[in-house]
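Please open the structure in a viewer and keep the selection tool at hand.

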Amino acid sequence: MSNSPFQFEQVGIIHSCYRQKFGIPRQPGIVTAAESELEFLPPYNQENLIRGLEGFSHIWVHFIFHQTMDEGWRPTIRPPRLDGKKRMGVFATRSTHRPNPIGLSVVKLKGIESGNGKLILKLAEADLLDGTPVIDVKPYLPYADALPEAKGGFAPLPSVMAEVEFSEQAMDKCLAYESKTGRTLITLIRQVLGQDPRPAYLRESTHRRHGSALWDVNVVWESRGDHFLVMDLEPYSGTDRY
Ligand code: SAM
């Protein structure tokens, strides 16, 4: 049934600290240490297409859930916010498995870089996988988009952050990584693990080992009751980058 009159162009691509889906927060704004870039692709890499955008602190990014789109869509979903215990309709959730696999995130615009044919938006706080295709960018308008009186349904507030501890070995490797790259890896790990990225069915397990790929490291961690322990950092050279 593909006689649809709609066709969308990819205007850009995301380069992000999140190299795998596991660990990405469920919404933007939760992991404030997350850094990413939106690179415009030709012919959209022209500065006049973003003229005026520098005055906005936040933008809306419309993107494709490219890594899950082949799995199709589901009419109902068990939202992680309900511990996977209840089903909600796809249009009442922000699930990735939608009839049209389009995502929408409001993210912080930290800066704009251009030169040598490249046009890049420097972003923070996004919930986007490395390699995500972007189909549109719009400025965030506080007077129209910020609605403090709005009701949050079954997801009124973000979850409370859990404590994250580091083994001596992991902390040494983090400090070395930070001084080599200038990236704030320790805060990133604290925020990523602190929001408990485990699917609901694994939340009861303790001492189970997990790995989360951030930048070019695999963070090896375990849950320890009410907190998480970072055991080690390993090099990550994932092949699932794009
Ligand atoms: N803020 C967006 C929205 O509301 O449309 C995305 C919400 S969705 C619940 C967030 C999750 O999407 C992340 O936790 C991550 O697992 C997943 N995700 C991010 N980028 C993706 C991509 N390119 N393909 C598939 N899944 C992606």
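A polar contact here is a pair of N or O atoms within 3.5 Å. The model is predicted, so to speak of local features requires pLDDT of at least 70, side-chain atom pairs count only at pLDDT 80 or more, and totals for chains, interfaces and linings use all residues. Residues are numbered from 1 along each chain as its sequence is written, and side-chain values use heavy atoms, with hydrogens and water left out.

Select the ligand and Gln67 to begin. A polar backbone atom of Gln67 is 3.1 Å from a nitrogen atom of the ligand. For Asp127, the corresponding distance from a polar side-chain atom to a nitrogen atom of the ligand is 2.8 Å. Of the 600 Å² of accessible area that the ligand has on its own, the protein covers 92% (Shrake-Rupley method, 1.4 Å probe).

Next, select the shell of 20 residues around the ligand (a heavy atom within 4 Å). Gln27, His66, Arg94, Asp127 and Thr132 are the closest. The shell comprises eight nonpolar, eight polar and four charged residues. Colour the strands (DSSP runs of E, at least two residues): β6 gives the largest share of the shell, three residues.

Finally, turn to the second largest pocket, with a volume of about 300 Å³. A pocket is an open set of points on a 1 Å grid over the protein atoms alone, where a 1.4 Å probe fits, with protein on both sides within 12 Å along at least five of seven lines; lining residues have an atom within 4 Å of a point. Select its lining, including Phe6, Phe8, Ile64 and Met69. This lining divides into eight nonpolar, four polar and no charged residues.

Technical notes: A polar contact is a pair of N or O atoms within 3.5 Å; within protein, one must be able to donate a hydrogen and the other to accept it, and residues adjacent in sequence count only if both atoms are side-chain atoms. Helices (H or I, at least four residues) and strands (E, at least two) are DSSP runs, numbered from the N terminus. Ala, Val, Leu, Ile, Met, Phe, Trp, Tyr, Cys and Pro count as nonpolar, Asp, Glu, Lys and Arg as charged, and the others, Gly among them, as polar. Grid points are joined across faces, edges and corners, and a volume is the space filled by probe spheres set on the points.
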